[in-house]
Amino acid sequence: MELYLDLHSQPCRAVFLFARATGIPFKFQLVDLTKGQQYSDEFGKVSVMRKVPVMKDGSFILTESIAILQYLLQKHSSLVPDHWYPSDLQLRARVNEYLSWQHMTIRAQGSKVFLLRAMFPIIMGSEAPKDKMDAAVEELKQSVDLLEQKFLQDKAFLVSDRICVADVVAVVELMQPVATGLDVFEGRPKLVAWRQRVKAELGPKLFDEAHEVILKVSGLSQTLQDSGALDLLRPKFQKMFS
């Protein structure tokens with residue numbers, strides 16, 4: 001099985017962390033987003049979506065991180081302990097509830113904050129508009145509030161006292177704005193303790209390995225300039241944030 005990944009991407013990190021933590025064997029195929037490799041003819045033959053992650057299991061190709069995670073969970077159910085995706089109907093429903101909710105909240109808003117804080121100055125040559133930045137940060141804050149109040153509450157993990165795939169999906173998204181200097185964990189002791197438990201369950205070395213690239217986001221400017229990707233990305237940003 002091959003996984004096409006770039007660990008700058010939160011969904012890629014979720015798939016990577018889960019597969020590595022559970023011992024699912026795979027070959028890592030790097031698709032370097034900073035060099036625009038997702039737009040290459042070679043990658044286009046793998047996926048017309050031109051996004052990562054992508055899973056290739058023999059001749060079967062699957063896109064979308066949640067679909068990939070669920071495929072891995074079901075294919076390797078004999079290898080993966082039940083707590084990752086509980087067989088209990090209601091606990092599994094809670095996992096699915098979080099995975100459904102996070103797309104347009106934590107995922108979308110954390111990504112927007114990352115793009116505005118880390119990428120906009122590099123690509124557009126100026127700081128992001130203050131009104132757009134303030135609105136994005138406030139929306140993310142409100143969603144993190146909901147994550148704590150609705151999902152985490154007083155539990156050790158998002159669904160129960162055991163880690164599940166929802167915790168992995170959540171933690172990689174929350175680390176994305178952290179990489180830009182916006183610590184969404186600050187002033188949230190329950191959330192900090194949760195992150196530490198998730199990191200311990202995944203393995204500190206593996207957790208740090210997965211986040212090493214994104215935590216060096218300050219070095220992206222030179223990489224993008226060298227790769228020539230700025231000219232490709234600038235019109236996309238103009239359309240996105242005009």
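I take strands (E, at least two residues) and helices (H or I, at least four residues) as DSSP runs, numbered from the N terminus. Two strands count as paired if DSSP finds at least two bridges between them.

Notes on the source. This is a predicted model, where local features need pLDDT of at least 70, side-chain atom pairs count only at pLDDT 80 or more, and totals for chains, interfaces and linings use all residues. Residues are numbered from 1 along each chain as its sequence is written, and side-chain values use heavy atoms, with hydrogens and water left out.

Sheet. I found that strand 3 and strand 4 (residues 60-63) pair in the antiparallel sense over 4 bridges. Val54 stands opposite Thr63 of strand 4. The hairpin of these strands has 2 residues between them, and Gly58 takes a positive phi near 70° there. On strand 1 (residues 2-5), I counted 3 bridges to strand 3 (residues 54-57), again antiparallel. Leu3 has Met55 in strand 3 as its bridge partner.

I then wrote down the order of the open sheet, which is 2-1-3-4 with mixed pairing. Strand 2 (27-30) and strand 4 are at the edges with a single partner strand each, so one side of each has no neighbour in the sheet. The twist averages 20° from one strand to the next; angles run from 0 to 180 degrees between N-to-C directions, with axes as lines fitted to C-alpha atoms, for helices over the stretch in contact.

Helices on the sheet. Helix 1 (residues 10-22) lies across strand 1 and strand 2, at about 145° to strand 1. Helix 3 (residues 65-75) touches strand 1, strand 3 and strand 4, and its direction makes about 130° with that of strand 4. Contact means heavy atoms within 4.5 Å.

Helix pair. How do helix 4 (residues 89-101) and helix 7 (residues 165-178) cross? Their axes come within 9 Å and cross at roughly 20°. The contact is made by Val95, Tyr98 and Leu99 of helix 4 with Val165, Ala166, Val169 and Ala170 of helix 7.

Whole chain. I noted 11 helices and 4 strands in the protein chain. The C-alpha trace spans about 50 × 45 × 30 Å along its principal axes.
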